[in-house]
Structure formats: structure tokens, C-alpha cells
Amino acid sequence: MTTSLDEILETFDFLDDWEDRYKYLIDLGKELPDLSENEKTDANKVRGCVSQVWLITSVDRNADGAPVLTFKGDSDALIVQGLVAIVTALFSGKPAREILETDVEAIFSQLGLQDHLTPQRSNGLRSMVGRIRSDAQQALEAA
């Protein structure tokens, strides 16, 4: 996906109507590269999501040897795919420590997601973030 978190925040700020924001979320999800059927495994499935959500984590090292995580994801629901796109834009390519220190609630609040997502989608979003933070913690412990 080529859309950065800053671009997402800017577009959300520009769009006043939540119908337009939902359409934008769906468009963001469509930008995600498709996962192969081989990648849609039980091991990659995010627990706690009503929709099917898969998240693949890759860990590399930066010049200092610190773990840097990259994420790919997909969902079987259009709006949830958009949420996956936001989460991957937020965290992908970041050092594990930065992932753990990110104030996710502030960013989601800036986007207005808490007020406009169903409780099930909000829980799924928290589950995605929890999985990413868990992967970041494991990468730090393995370093």
C-alpha cells in the first residue's frame, strides 16, 4: 500500500461526512495487496475479529540491530480491509519499540473511529493492534 498515515489523517480531516469516510476506508482496503490463499492460514488469523482478518508480520533489523516490523494484511469485509490498511500504514516499517510506544487511541480518536464503528469492528481493531503489539514485544525479546 502506498498511502501513508499522514495522507490518511489529512484525507479524513478533509472529508466532513462519515459516508465519504466509509467510502474512503473501502478504497484504502482495495489498495492492499492481495494475500495468497497459502497466506490465509489459521496461524495468520487475528483472533477477536468477527470478520476474517489475516495479518502477516515480517521482522528485519535496522542499522542499529533493532527489530523493525513490516505487516501485510487482508480481510473478507470491505470496511475491515480499510481498517487493516490504516493499521498497516500506522505500524509497518517501524521499530518494535516505537510500535509499543505509539499512542494508538489518540490516532484513532483523531480519525473519529471510536464514534463511528460498531462495537464488533472496534473490538476487531483492538485485536489487530493487540496482535501487532504482541509481535513487536516478541521481536524485542528475541533481539
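1. Contact here means heavy atoms within 4.5 Å. Leaving aside neighbours within four places in sequence, L113 is in contact with F12, W18, L83, F108 and L125.

2. Some ground rules. This is a predicted model, in which local features need pLDDT of at least 70 and side-chain atom pairs count only at pLDDT 80 or more, while totals for chains, interfaces and linings use all residues. Residues are numbered from 1 along each chain as its sequence is written, and side-chain values use heavy atoms, with hydrogens and water left out.

3. The largest nonpolar core has 43 residues. A nonpolar core is a set of buried Ala, Val, Leu, Ile, Met, Phe, Trp, Tyr and Cys residues joined through side-chain atoms within 4.5 Å. Buried means under 20% relative accessible area, exposed over 50%, and partly exposed in between (1.4 Å probe, protein chains only). Which members touch the most other members? They are F12, F91, F108, L113 and M128. In soluble globular proteins, nonpolar side chains tend to be buried together.

4. Helix α3 gives the most, with 10 residues. Element names follow DSSP runs: helices are H or I with at least four residues, strands are E with at least two, and numbering starts at the N terminus.

5. Two packed helices are described by the angle between their axes and the distance between the axes. For α1 and α3, the angle is about 130° and the axes are 8 Å apart. Axes are lines fitted to C-alpha atoms, for helices over the stretch in contact, and angles run from 0 to 180 degrees between N-to-C directions. The two helices, α1 and α3, are therefore oblique to each other. On this scale, angles under 35 degrees are roughly parallel, over 145 roughly antiparallel, 65 to 115 roughly perpendicular, and the rest oblique.

6. Which residues make the α1 and α3 contact? L5, I8 and F12 come from α1, and I86, A89 and L90 from α3.

7. Now the charges. A salt bridge is a side-chain nitrogen of Lys or Arg within 4 Å of a carboxyl oxygen of Asp or Glu. By this rule there are five salt bridges. One joins E39 and K72, with the closest N and O atoms 2.7 Å apart. This pair links distant parts of the chain: E39 sits in the loop between α2 and β1, K72 in strand β2, 33 residues apart.

8. Leaving aside neighbours within four places in sequence, K72 is in contact with L35, E39, W54, L55 and I56. The C-alpha atoms of K72 and L55 are separated by 5.8 Å, with the two residues 17 apart along the chain.

9. D74 and K40 also form a salt bridge, at 3.4 Å from N to O. D74 lies in strand β2 and K40 in the loop between α2 and β1, so the pair ties together parts that are 34 residues apart in sequence. Is each partner buried or exposed? D74 is buried, at 5% relative accessibility. K40 is partly exposed, at 24%. E37, K40 and D74 are linked in a network of salt bridges.

10. A further salt bridge, R131 to D135, has an N to O distance of 3.5 Å. R131 and D135 are four residues apart in helix α7, so about one helical turn separates them. R131 is buried, with a relative accessible area of 18%. D135 is buried too, at 15%.

11. Some further positions. E10 lies in helix α1 and is exposed, at 63% relative accessible area. D42 is in the loop between α2 and β1 and is exposed, at 54%. Q120 lies in helix α7 and is partly exposed, at 46%. Q120 and G48 are 72 residues apart in sequence and 8.9 Å apart in space, C-alpha to C-alpha.
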